[in-house]
Amino acid sequence: MGDFSTTYAKPLAVPRSFFISATACLALASCGGGGQQSDPTGSTASTGSGGTPASGGTDYSVAAHWVCRPGADAVCTTGLDANIQNADGSTTSLPFTPAADPAIDCFYLYPTVSQEQTQFADLTDSPEIQAETRAQVGRLSSRCRVFAPIYRQATTYGLNHPSSGTPDFRMADVQSAWNYYLQNDNKGRGVVIIGHSQGTSLLQNLIAGSIDGTASQALLVSAFLAGDLSLGVPPGGAVGGTFAHIPTCSDAAQTGCVYVWGSYLAGDTSAPPIFGGARFDGFVSACVSPAAPAGGTAQLKYYHANSKPPWVEALGQLSGVCQADSSGANIFVVTVKPGTFAAANTTALKAAEVAPGWGIHPLDIALVQGNILDVLDAEIATWQAKH
């Protein structure tokens, strides 16, 4: 699935963007989001045993095939100090400290960031992969051990220059990384699954095929599927569409459930929404905001890059709500609040609207990153009480 790097140059800057046409994206199976998804390789990957790679998958016993994992996690534990920036302009220092002994794990897949001029990336731990991983999941290392495998993703170049003759090992890599984690690292620990865009689509496949309704489901603390084309649920229901046994979340303290959202700036009528779009199979697209799992409008805790310190948590400046429209789309609508930073925030969010119908897709995780941390705090309390 197409996505964008989160490399920032100044406060409230917009990510450096790599445009990927919706046509190119939707032509790929990994961009799909409806119903029970198939393996994008066109075959069913073996679940393996003893953490051995799935058929065609990467060997994740090799430490270099992880961006972050315990013992080699500098990307996810450094360069994350922030200032809290309140709506009135006042600021408070927010130094970052990774958790010394976290109770749970996080398994993360980054979105499309590779700048390689090939259809699929190799296994190089490139600067853009490191930057994106730090930006999207590094802060979660204050709550969990982070496991972030490198996978042979479809590149920006590849999505715009598809070739049917090139082998696609994305799902085999994701399955292999998950197998290795379960067999060698999990040891019965609760795990949060989190991804964005292409990463989300692959994780949705993984959950549907290897977690939903299996013994591994008991390990699921939650899943955060940001920038998902569609996770289907019955109208008015929470479970029974894309996932047969795993519900969408309705309370911050709930575990074993899924958050899913695609972000659009209020008033965006550029085109029918691509993320959370209308379905025509008897299901509807789910939308559950980490800022308000029970529904309704809530304040967003938006992290964006800065110079010194490297990050800012903007509070009281944006709000968001999951909202269905007349077309059947169900999207996360973001509103800029009046005040000191309204003009700068509006400029930044408008600049993130890189193509009609895509909304502010590059910012899906950044917009609610502080809210995700709050959810994890509540989930961890529930998890520890049960275990």
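Helices (H or I, at least four residues) and strands (E, at least two) are DSSP runs, numbered from the N terminus. Colour by secondary structure: the protein chain has seven helices and 16 strands.

This is a predicted model, in which local features need pLDDT of at least 70 and side-chain atom pairs count only at pLDDT 80 or more, while totals for chains, interfaces and linings use all residues. Residues are numbered from 1 along each chain as its sequence is written, and side-chain values use heavy atoms, with hydrogens and water left out.

**Stop 1: confidence**

Colour by pLDDT, the predictor's confidence in each residue, from 0 to 100. The mean over the protein chain is 88, and 87% of its residues reach 70 or more. Now select residues 1-49, where the pLDDT is below 50. This stretch still has 154 contacts in the model beyond near neighbours in sequence; a contact means heavy atoms within 4.5 Å. Where pLDDT is low, the predicted coordinates should not be read in detail.

**Stop 2: surface and burial**

Show the surface. The accessible area of the protein chain comes to about 13800 Å², and 54% of that belongs to carbon and sulfur atoms. Accessible areas come from the Shrake-Rupley method with a 1.4 Å probe; for residues, only the protein chains shown count as cover. Buried means under 20% relative accessible area, exposed over 50%, and partly exposed in between (1.4 Å probe, protein chains only). Of the 387 residues in the protein chain, 59% are buried. Among contacts between residues at least 6 apart in sequence, 77% join residues at least 24 apart.

**Stop 3: the nonpolar cores**

A nonpolar core is a set of buried Ala, Val, Leu, Ile, Met, Phe, Trp, Tyr and Cys residues joined through side-chain atoms within 4.5 Å. In soluble globular proteins, nonpolar side chains tend to be buried together. Select F107, L140, F224, L225, W261, L349 and L367: in the largest core, of 92 residues, these touch the most other members. A second, separate core has 10 residues, including L229, Y264, F275 and V321.

Centre on L367. Leaving aside neighbours within four places in sequence, L367 contacts S263, L300, K301, Y302, L318, V334 and I360.

**Stop 4: the disulfides**

Show the cysteines. The structure holds four disulfides, each a pair of cysteine sulfur atoms within 2.5 Å. With bonded cysteines counted along the chain, the pattern is 1-2, 3-4, 5-6, 7-8.

- Select C68 and C76. Their S to S distance is 2.1 Å. The link is right-handed, with 100° about the S-S bond. Both cysteines are buried.
- Select C106 and C144. Their sulfur atoms are 2.1 Å apart. This link is left-handed, at -105° about the S-S bond. It joins distant parts of the chain, with C106 in strand 4 (residues 104-109) and C144 in strand 5 (residues 144-149), 38 residues apart. C106 is buried at 0% relative accessibility, and C144 is buried at 2%.
- Select C287 and C322. The S to S distance is 2.1 Å. The S-S torsion is about -70°, so this disulfide is left-handed. C287 lies in the loop between strand 11 (284-285) and strand 12 (298-299), and C322 in strand 15 (residues 318-324), so the pair ties together parts that are 35 residues apart in sequence. Is C287 buried or exposed? C287 counts as buried because its relative accessibility is 13%. C322, at 25%, counts as partly exposed.

**Stop 5: a buried glutamine**

Select Q85, in strand 2 (residues 82-85). Q85 is buried because its relative accessible area is 13%. Which side chain does the side chain of Q85 meet in a polar contact? That of Q317, at 3.0 Å. A polar contact is a pair of N or O atoms within 3.5 Å; within protein, one must be able to donate a hydrogen and the other to accept it, and residues adjacent in sequence count only if both atoms are side-chain atoms. Beyond four places in sequence, Q85 touches residues including S90, T91, H304, L315 and F341.

**Stop 6: backbone exceptions**

Most residues other than glycine have a negative phi, and most peptide bonds are trans.

- Select K308 and P309. A cis peptide bond joins them, with omega about -10°. P309 is in the loop between strand 13 (302-305) and strand 14 (311-314).
- Select K187. Its phi is positive, near 50°. K187 sits in the loop between helix 4 (170-186) and strand 6 (190-196). At 70% relative accessibility, K187 is exposed.
- Select S197. Its phi is also positive, about 60°. S197 lies in the loop between strand 6 and helix 5 (198-211). S197 is buried, at 0% relative accessibility.
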